[in-house]
Amino acid sequence: MPFHHLFSYLEYKLNAVDSHSLHSPFVFNFYQNILKGKQNTEVFDEIESYRKALLRTNESIIINDYGAGSQVNKSGKRKISDLARSGLSSSKFSRMLFRLADFLGDGEIVELGTSFGINTLYLAKSNPRAHITTFEGCTESIKIARGLFDKAGQSNIKIIEGNIDLTLDAFTRETGRVNLVYFDANHQYDATLRYYHQLRPLAHADTIFVMDDIYWSKPMKKAWKELIALPEVTLSMDIFDAGLLFFNRDFCKEHFVLEF
Ligand SMILES: C[S@@+](CC[C@H](N)C(=O)[O-])C[C@H]1O[C@@H](n2cnc3c(N)ncnc32)[C@H](O)[C@@H]1O
């Protein structure tokens, strides 16, 4: 773990609180039921079996990665198992995304960074009437994700292939409101803020933005601090692995660092 990441983690641990310190009924219920929810369904076992298969395979793919550090395009041959181990979130986090999408109900969900589609499946399985649009630039990862979506019989997912820098604009022009955006693609400062500002006009009062890897680098931490300071962000939650942004004007601006 790089020193800045370790330092951020210690800082997070010192500040993080649990439900005992939460006085707002919305934040208390959200924490108990969504962030720390205990719900279990056989859907989780199904998706985890796909994750396990990715972790076990000896196959490699050629990746074209436009993500963090992408000024030097990190293209090359990589083992699928290594990518699955280092690039995907924990299943605990995936289950939280499932509960979040379930909580937000029918409507549009956006994921930036499909990879092999594990979290896309969690989002899509949460509600058959939700519609997921997921963005990915790596052609061979998309092939694997498509295979998983077919295997899982999932028809509420649309993949937008290509560099998000080039594909997001057309999507935002054609799309109305979005319930949930999961930012997990290009973890660079500029791209994070740019994608946020492109998607923000699609948010409504109950929309939630989930920003992954807010402590991945110093520039990501800076981007996170700037986002939570925006006046339009009326509530924010830091769970270390990610940050959640809310826009409901009924909230008085507050920020929470929460044990996850
Ligand atoms: C951390 S992985 C996503 C993991 C996935 N959300 C999950 O948890 O199952 C990040 C993905 O974003 C993709 N990506 C990064 N920058 C991108 C860009 N500018 N355009 C398109 N895809 C990008 C990478 O190819 C990679 O597959």
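**Briefing: the ligand and its surroundings**

A polar side-chain atom of Asp184 lies 2.9 Å from a nitrogen atom of the ligand. Taken alone, the ligand exposes 600 Å², of which the protein buries 93%. The model described here is predicted.

**The ligand site**
- The ligand takes up the space of the largest pocket.
- There are 23 residues around the ligand, and those that come nearest are Gly113, Asn119, Glu136, Ile164 and Asp184.
- By residue class, the shell around the ligand comprises 11 polar, eight nonpolar and four charged residues.

**Backbone atoms beside ligand nitrogen**
- For Gly113, a backbone N or O atom is found 2.7 Å from a nitrogen atom of the ligand.
- For Ile164, a backbone N or O atom is found 2.9 Å from a nitrogen atom of the ligand.
- In Asp184, by contrast, the atom concerned is a polar atom of the side chain.

**Thr114**
- Thr114 belongs to the loop that runs between β3 (107-112) and α6 (118-125).
- Thr114 counts as buried because its relative accessibility is 3%, and the cut-off for a buried residue is under 20%.
- A polar contact of 2.7 Å joins the side chain of Thr114 to the side chain of Thr134.

Conventions:
Residues numbered from 1 in each chain as written. Predicted model: local features only at pLDDT ≥ 70, side-chain atom pairs only at ≥ 80, totals over all residues. Heavy atoms only, no water. Near = heavy atom within 4 Å. Polar contact = N/O pair within 3.5 Å; in protein donor to acceptor, adjacent residues only side chain to side chain. Areas by Shrake-Rupley, 256 points an atom, 1.4 Å probe, with all protein chains shown as cover. 1 Å grid on protein atoms, 1.4 Å probe; cavity = no way out; pocket = protein on both sides within 12 Å on 5 of 7 lines; lining within 4 Å. Sits in = over half its atoms within 2 Å of the grid points. Nonpolar A, V, L, I, M, F, W, Y, C, P; charged D, E, K, R; others polar. Helix = DSSP H or I, 4+ residues; strand = E, 2+ residues; numbered from the N terminus. Buried < 20%, exposed > 50% of the residue type's maximum accessible area, 1.4 Å probe, protein only.
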